[in-house]
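Please walk through the helix packing, the pockets and the cavities of this model.

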Amino acid sequence: MTKLPEINTQFLLDFLTKLLNTPSPTGFAEPAVAFTEQILKTITGVTLARTRKGALLATLEGEQDDGGLALTAHVDTLGGMVKEIKSSGRLKLTRIGGYAWNTIEGEGCTVFTRGGRQVRGSILLTKASSHVFGNETGEMKRDEDSLEVRLDARTGSELETLDLGINVGDFIAFDPRVEVNAGYVRSRHLDDKAGAAALVAAIKALAEAGLRPRKKAYFLFSNYEEVGHGAASGLPEDLDSLLAVDMAAVGEGQNSDELHASLCVKDSGGPYHHGFSTRLRELAEKYNIAHKVDIYPFYGSDAEAWWRAGGEAPVALIGPGVDASHNYERTHTEALLATTKWVLAYLLEE
C-alpha cells in the first residue's frame, strides 16, 4: 500500500486563516484567487494559469502520460452588493449567494468602491434600537427591506455617501471573524475556503515528499460557484474524473459531523457517479480516513456545474464537515486533515 505523505497541519491552518481573511464575494473574488496563486508559486512542480473567467488552474505532472484527473474547490463566497443608497445615506443590500437574511444581522462589513476605497460598516435592522422601537425590533421580518448597511463615515444623506465614492454595484464583504480554538476553526466562508486549503495542503505535501500524482492532475480554484457556474468552464475536456472538494453539511438529520470528511452521494441535483463514489469509499477504508457518507437535499456543487456544461467524466464530492453552513460556520482540524488525506489517496491511486 502506498504511504500517504505527511501533511503540514500548521501550513494548512495558516493558509486557511489568511484565505478566510481575504475578502472574496462572488464577482469580486480576485483577491482570494491572487493569494492562492501567490502561495502555489512557492511550491515546486506546480504550473499555474488563469482561465478567461478569472479562475486559477494549477497543474501537476503525473507518473503516467495517459489520462488526467481534476479537482475543484471554490474561493468565492457569499456577500452582497449595493442595491440602493438611501436618503439617510445608508445602503440597501442585494444578496450574492443563497443565505437567509437573519444570518448577517449585526455583522461587520466592508464596502469596496470602484475607486479602490474601502469603507467599513455594520449590517443592522432599519429599526435596530429596542429603546426607540420597543417590541417592533424583535418582531420585524428580516429581509432586504428591513436590513441596511450603517457606514462608519460621516454621512446622513445620499449625496454625502456618493461623495465617499460609494455607488450602486459596489461589492460588500462580510467579516469572517476567524478563530482557531481547541482544534476547531470557526469563521464565515469555510464554504469553501476549507476545501481550497485542503487542496493546497495536499499539493504541498506531495511536493515536500518528492511525489507526483499517478496521472496528470488539474486543480481548479473557481470563482463563481456560489452563483452556480464556477467550474462550468476552465477544465480540459479529456478528464478521467472530476472530484469536487466542498464543505459537508452538518445538522439535524445529517450523517456528517465536524470531525470527519464526508462523501456526498446525492444532493439537489441528483446522485453523483456511483462507481466513482464507491471507489472513494474504498480508498477511505484502505487508508483509514475518518469519513461519513451523506445526502444534502439543499446543496449544489461545481462538479454538477461541470456536468451540466457538458462534462462527460464521472464526478464525486467530498469535503470537511461544516456546522451552520451559510451562517457563522465551524469545522475541526481533524475533518480538514481527513479531507486532505482523501485528496492525496485519490491523486496517488487513481
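The second largest pocket has a lining of 11 residues, and those nearest its centre are Lys3, Leu4, Pro5, Tyr287 and Lys341. The structure is a predicted model. The space in this second largest pocket comes to about 220 Å³. By class, its lining consists of six nonpolar, two polar and three charged residues.

The largest pocket holds about 570 Å³ of space. It is lined by 29 residues, and Met247, Phe298, Tyr299, Ser325 and His326 are the closest to its centre. H8 gives the most, with three residues. Sorted by class, the lining of the largest pocket has 12 nonpolar, 10 polar and seven charged residues.

The largest cavity has a volume of about 60 Å³. Its lining is made up of Leu78, Tyr99, Thr103, Ile104, Phe174, Arg188, His189, Asp191, Glu226, His326, Asn327 and Glu329. These residues divide into four nonpolar, four polar and four charged. His326 takes part in the lining of this cavity, and His326 is also one of the residues closest to the centre of the largest pocket.

For the second largest cavity the volume is about 30 Å³. Thr72, Ala73, His74, Asp192, Ala244, Val245, Asp246 and Asp302 form its lining. The largest share comes from S3, with three residues. By class, the lining of the second largest cavity has three nonpolar, two polar and three charged residues.

Asp191 lines the largest cavity, and Asp192 lines the second largest cavity. The peptide bond that runs from Asp191 to Asp192 is cis, with omega near 5°. Asp192 belongs to helix H6 (residues 190–209).

H6 also packs against two other helices, H1 and H2. In general, a pair of packed helices is described by the angle between the axes and the distance between them. H1 and H6 have axes 9 Å apart and pack at an angle of about 140°. That angle makes H1 oblique to H6. The crossing of H1 past H6 is right-handed. On the H1 side the contact involves Phe11, Leu12, Phe15, Leu16, Leu19 and Leu20, which meet Leu190, Lys193, Ala194, Ala196, Ala197, Val200, Ala201 and Lys204 in H6. By class, the contact of H1 with H6 has 12 nonpolar residues, no polar ones and two charged ones.

H2 and H6 pack with their axes 11 Å apart, at an angle of about 15°. The angle is therefore one that makes H2 roughly parallel to H6. H2 passes H6 in a right-handed crossing. Ala32, Thr36, Ile39 and Leu40 of H2 make this contact with Lys193, Val200 and Ile203 of H6. The contact of H2 with H6 is divided into five nonpolar residues, one polar and one charged. Lys193 and Val200 of H6 are in the contact with H2, and Lys193 and Val200 are among the residues that H1 meets as well.

How are H1 and H2 arranged, parallel or antiparallel? The axes of helix H1 (residues 9–20) and helix H2 (residues 30–40) come within 10 Å and cross at roughly 155°. H1 and H2 are therefore roughly antiparallel to each other. H1 passes H2 in a right-handed crossing. Phe11, Phe15, Lys18 and Leu19 in H1 meet Ala32, Phe35, Thr36 and Ile39 in H2. The residues of this contact divide into six nonpolar, one polar and one charged. Phe11, Phe15 and Leu19 of H1 take part in the contact with H2 and also in the contact with H6. On the H2 side, Ala32, Thr36 and Ile39 meet residues of H1 and also belong to the contact with H6.

One further backbone detail lies elsewhere. Asn288 has phi near 55°, a positive value in a residue other than glycine. Asn288 sits in the loop between helix H7 (274–286) and strand S17 (291–296).

Terms used
Residues numbered from 1 in each chain as written. Predicted model: local features only at pLDDT ≥ 70, side-chain atom pairs only at ≥ 80, totals over all residues. Heavy atoms only, no water. Axes fitted to C-alpha atoms, helices over the stretch in contact; angles between N-to-C directions. Helix = DSSP H or I, 4+ residues; strand = E, 2+ residues; numbered from the N terminus. Parallel < 35°, antiparallel > 145°, perpendicular 65-115°, else oblique. Left-handed = near helix turned anticlockwise from the far one by under 90°. Contact = heavy atoms within 4.5 Å. Nonpolar A, V, L, I, M, F, W, Y, C, P; charged D, E, K, R; others polar. 1 Å grid on protein atoms, 1.4 Å probe; cavity = no way out; pocket = protein on both sides within 12 Å on 5 of 7 lines; lining within 4 Å. Points joined across faces, edges and corners; volume = space filled by probe spheres on them.
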